[in-house]
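Here is a short report on one protein chain.

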Amino acid sequence: MDILLFIVGTLITTASLVYAIKTNREKERFEKLVQDKLAGIAGNVWKSQQSTDWSDKNFTRARNAAYELEDCDKKQDILKHIHNGARDAVAAKRMLSNLLGEVLSMQKGMFGTDTIAHPEKSEKQMQSNDQSENS
């Protein structure tokens, strides 16, 4: 009887160990997926912030070109729309900055990292660009 209990106990322990290993591997894969997705979202937000900068510069160029036009009723409308577009670009950058902070904060809380990844750039380039912007 003792040997039967030993065998059953060994089987249950082995099955539990196999299940725990399998569950842990699934958990690690899921965590890696979430970590990579958060880094990708951070990279897309970072890249979108760059687009808002470019947009603001283009609005500035358009405004400067509009100033060179002869005075007419349409010129003031054009300047008003350029101004509104430029302010929208600045507001979008501010909102994207907040979103990036939230994504990085989530990464830091869940995984202890603050990785920014984007398909067009390597992770090292993204981090070095981010550091140079903060300087």
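K22 and E26 lie 4 residues apart in helix α1, so about one helical turn separates them. This is a predicted model. The two side chains form a salt bridge, with the closest N and O atoms 3.2 Å apart. K22 is exposed, at 51% relative accessible area, because the cut-off for exposed is over 50%. E26 reaches 38% and counts as partly exposed.

**Charged pairs**

Side chains of opposite charge can pair when their charged atoms come close. The chain has 6 salt bridges in total. Three of them are set out here, including the K22–E26 pair.

| Salt bridge | Closest N to O distance |
|---|---|
| K22 – E26 | 3.2 Å |
| K93 – D53 | 3.0 Å |

Take K93 and D53, whose closest N and O atoms are 3.0 Å apart. This pair links distant parts of the chain: K93 sits in helix α2 and D53 in helix α1, 40 residues apart. K93 is partly exposed, with a relative accessible area of 28%. D53 is also partly exposed, and its value is 28%.

Is K75 buried or exposed? K75 is buried: its relative accessible area is 6%, and buried means under 20%. D71, by contrast, is exposed at 69%.

**A buried glutamine**

Q49 belongs to helix α1. Its relative accessibility is 9%, so Q49 counts as buried. Which residues does Q49 touch, leaving out those up to four places away in sequence? They are K93, L96, S97 and L100. K93 is also the salt-bridge partner of D53. L96 and L100 are members of the largest nonpolar core.

**The nonpolar core**

In soluble globular proteins, nonpolar side chains tend to be buried together. The largest nonpolar core here has 9 residues. Its members are L38, A42, V45, W46, L96, L100, V103, L104 and I116. Helices α1 (2–67) and α2 (73–111) are the elements that each give two or more residues to this core.

Beyond its neighbours within four places in sequence, A42 is in contact with L100, V103, L104, T115 and I116.

Definitions and conventions:
Residues numbered from 1 in each chain as written. Predicted model: local features only at pLDDT ≥ 70, side-chain atom pairs only at ≥ 80, totals over all residues. Heavy atoms only, no water. Core = buried A, V, L, I, M, F, W, Y, C linked by side-chain atoms within 4.5 Å. Buried < 20%, exposed > 50% of the residue type's maximum accessible area, 1.4 Å probe, protein only. Contact = heavy atoms within 4.5 Å. Salt bridge = Lys/Arg side-chain N within 4 Å of Asp/Glu carboxyl O.
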